[in-house]
Amino acid sequence: MERAFSVIQFGATGNGETPDTKAIQSAIDACHENGGGTVYFPPGNYVSAGLTLKSNVTLELEAGATLLKKTEPGENVFLQGERIENVTIKGRGAIDGRLIPGRGVFTLVIRNSGNIRMEQVKVLNSSDWALTFNGCSHVKLLGISIIDGRKDSIDLVCCQNVQIDGVYIKGSGDDCICIKNESEGHRYDTRPDCGFLSENIVVSNTVIEDTTHPAFKIGTGTAGIFRNIIVHDCIFRNFNSVC
C-alpha cells in the first residue's frame with residue numbers, strides 16, 4: 001500500500017499567512033527517502049517559497065487546498081525538479097502563482113525527467129510560464145486547468161511521448177501550448193540530455209479561450225526535429241490564431 005505523508009504532520013499550518021516551505025519540503029524529502037508515496041495537502045492555504053520535487057513522489061492537493069507562492073528575492077521557479085522519475089501532481093486543489101510583480105516566476109519547471117503526470121489540479125495566476133517541461137519524456141497532462149497566466153501556459157521543450165487531454169486554458173497572456181527545440185539561454189552547456197527532439201505529442205479534447213496569442217505554436221525555438229505531432233477534437237475561442 002502506498003504511504004501517505006500529510007504536510008500537517010510535518011508542521012504545515014495551511015493558514016494562508018505562516019510560511020509552510022520547510023514543512024512541505026520535509027514531507028517531500030521524507031516521502032522520497034522512504035521509497036515514495038503521496039504527500040497530502042488537506043484543505044487550507046499553504047504559503048511556500050520554492051520547492052524541489054523528488055522521484056516517486058505524488059503531490060495530492062485535496063479540494064479546498066491551495067499552494068500559494070511566497071515572494072522570495074531572486075527566486076524564479078516555484079516548483080522544480082531535474083532528473084526525476086515517476087512524479088505526479090493531482091487533486092481538485094490549486095497551485096497559485098499570485099502574479100508576483102516585476103520579474104516573472106515560473107510556476108513549474110521540470111528538466112531531463114520521465115513519467116511525469118498532472119491530473120485535475122488548477123494552475124492559477126502564473127507570473128511567467130505556467131508549466132515547463134524541458135527534455136522530458138512520457139508526460140501526461142490530464143484534465144488540468146491553467147487560468148489567467150501572464151505568459152505561456154504549457155511549454156514542451158525537447159519533449160517526447162506527451163499526452164495533453166481534457167485541458168482547459170483561459171486568459172493566457174502569451175502562447176497557450178508551445179512546442180520548442182532549444183537550450184536554456186541558447187547555450188550549448190544547457191542543452192537537454194535528449195538533444196533537440198520533439199516527437200510523439202498528442203493534444204486532444206482541450207479548450208483554449210480568451211488569449212491575444214496563438215492557441216497552438218511550434219517555436220520560437222526550432223533548433224531540432226519536430227515529428228508526429230497531432231492536435232484533434234479541440235475547441236478554440238477568442239484567440240489570435242489557431243496555429
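In strand 17, V157 is the residue that stands opposite N134, and the two strands concerned, strand 14 (residues 131–134) and strand 17 (residues 154–157), run parallel and are joined by four bridges. Helices (H or I, at least four residues) and strands (E, at least two) are DSSP runs, numbered from the N terminus, and two strands pair if DSSP finds at least two bridges between them. The model is a predicted one, in which local features need pLDDT of at least 70 and side-chain atom pairs count only at pLDDT 80 or more, while totals for chains, interfaces and linings use all residues. Residues are numbered from 1 along each chain as its sequence is written, and side-chain values use heavy atoms, with hydrogens and water left out.

S48, in strand 4 (residues 44–48), is buried (under 20% relative accessible area, with exposed over 50% and partly exposed in between; 1.4 Å probe, protein chains only), and its relative accessible area is 0%. Leaving aside neighbours within four places in sequence, S48 is in contact (heavy atoms within 4.5 Å) with residues including T21, I24, L67 and F78.

T21 and I24 are among the buried residues of helix 1, which comprises 13 residues (21–33) and reaches 18 Å from its first C-alpha to its last, close to the 18 Å expected at 1.5 Å a residue, where the expected span is 1.5 Å times one less than the number of residues. Helix 1 is followed by G35, whose phi is positive, near 95°.
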